[in-house]
Amino acid sequence: VQLQASGGGRVQTGGSLRLSCAASGSIFSINNMGWYRQAPGKQRELVAAITSGRITNYADSVKGRFTISRNNAENSVYLQMTSLKPEDTAVYYCNADVKTYELGPRYDLWGQGTQVTVSS
């Protein structure tokens with residue numbers, strides 16, 4: 001089971017990007033999904049998270065600018081980023097809480113990371 005992220009790139013301040021992440025492999029269920037980011041010299045931080053029931057949670061720094069969504073049928077999570085700022089520059093990682101069979105344990109999966117660069 002793995003997560004594959006895509007959609008990063010370089011944009012100017014005020015621009016938009018949409019990140020996508022899909023889980024593949026033998027998956028029974030996915031509970032929470034989310035996006036984290038890590039800027040150079042900083043710790044990884046939560047950007048946004050979404051439950052299987054689509055309850056969302058955002059970091060204060062991105063509220064009103066970023067929107068997280070998911071497609072349960074496709075085991076995918078998305079992050080629509082608007083009004084991007086240079087301080088949003090980071091490697092973005094998707095994360096999912098996965099079960100591979102009904103009575104099995106939950107696995108905390110991470111995608112490979114995708115670079116987002118916002119230039120001023």
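This is a guided tour of one predicted model, going from a sheet to a disulfide, then to a group of aromatic side chains, and ending at a threonine.

Before selecting anything, note that the model is predicted, with local features needing pLDDT of at least 70 and side-chain atom pairs counted only at pLDDT 80 or more, while totals for chains, interfaces and linings use all residues. Residues are numbered from 1 along each chain as its sequence is written, and side-chain values use heavy atoms, with hydrogens and water left out.

**The sheet**

Begin by displaying the strands, which are DSSP runs (E, at least two residues) numbered from the N terminus. Select S1, S3, S8 and S7, which in that order make up an open sheet of four strands with antiparallel pairing; two strands pair if DSSP finds at least two bridges between them. At the edges you will find strand S1 (2-6) and strand S7 (66-71), each of which pairs on one side only. Neighbouring strands of this sheet are turned against each other by 15° on average, direction ignored, where axes are lines fitted to C-alpha atoms and angles run from 0 to 180 degrees between N-to-C directions.

**The disulfide**

A disulfide is here a pair of cysteine sulfur atoms within 2.5 Å, and a search of the whole structure finds one. The pair links distant parts of the chain, since Cys21 lies in strand S3 and Cys94 in strand S9 (residues 90-99), 73 residues apart. The torsion about the S-S bond of Cys21 and Cys94 is about 55°, so the disulfide is right-handed. Both Cys21 and Cys94 are buried (buried means under 20% relative accessible area, exposed over 50%, and partly exposed in between, with a 1.4 Å probe and protein chains only).

**The aromatic group**

Next select Tyr93, which also lies in strand S9 and counts as buried at 15% relative accessibility. Show its contacts, meaning heavy atoms within 4.5 Å: leaving aside residues up to four places away in sequence, Tyr93 touches several residues, among them Tyr36, Gln38, Arg44 and Trp110. The C-alpha atoms of Tyr93 and Gln38 are separated by 8.1 Å, although the two residues are 55 apart along the chain.

Which side chain lies over the face of Tyr93? Selecting Arg44 shows it there, at 3.8 Å from the ring centre, and the charged end of Arg44 also sits over the ring of Trp110, 4.7 Å from its centre. For a charge to sit over a ring, NZ of Lys or CZ of Arg must be within 6 Å of the ring centre and within 35 degrees of the ring normal.

The rings of Tyr36 and Trp110 have centres 4.9 Å apart and planes at 65°, so the pair is edge-to-face. Tyr36 belongs to strand S4 (residues 29-38) and Trp110 to strand S10 (residues 106-110), 74 residues apart. Tyr36 is partly exposed at 23%, and Trp110 is partly exposed at 34%.

**The last stop**

Finish at Thr117 in strand S11 (residues 114-119), which counts as buried at 17% relative accessibility. Not counting residues up to four places away in sequence, Thr117 touches Gly9, Arg10, Val11 and Thr89.

How values were computed:
Phe/Tyr/Trp six-rings, centres within 6.5 Å; stacked < 30°, edge-to-face > 60°.
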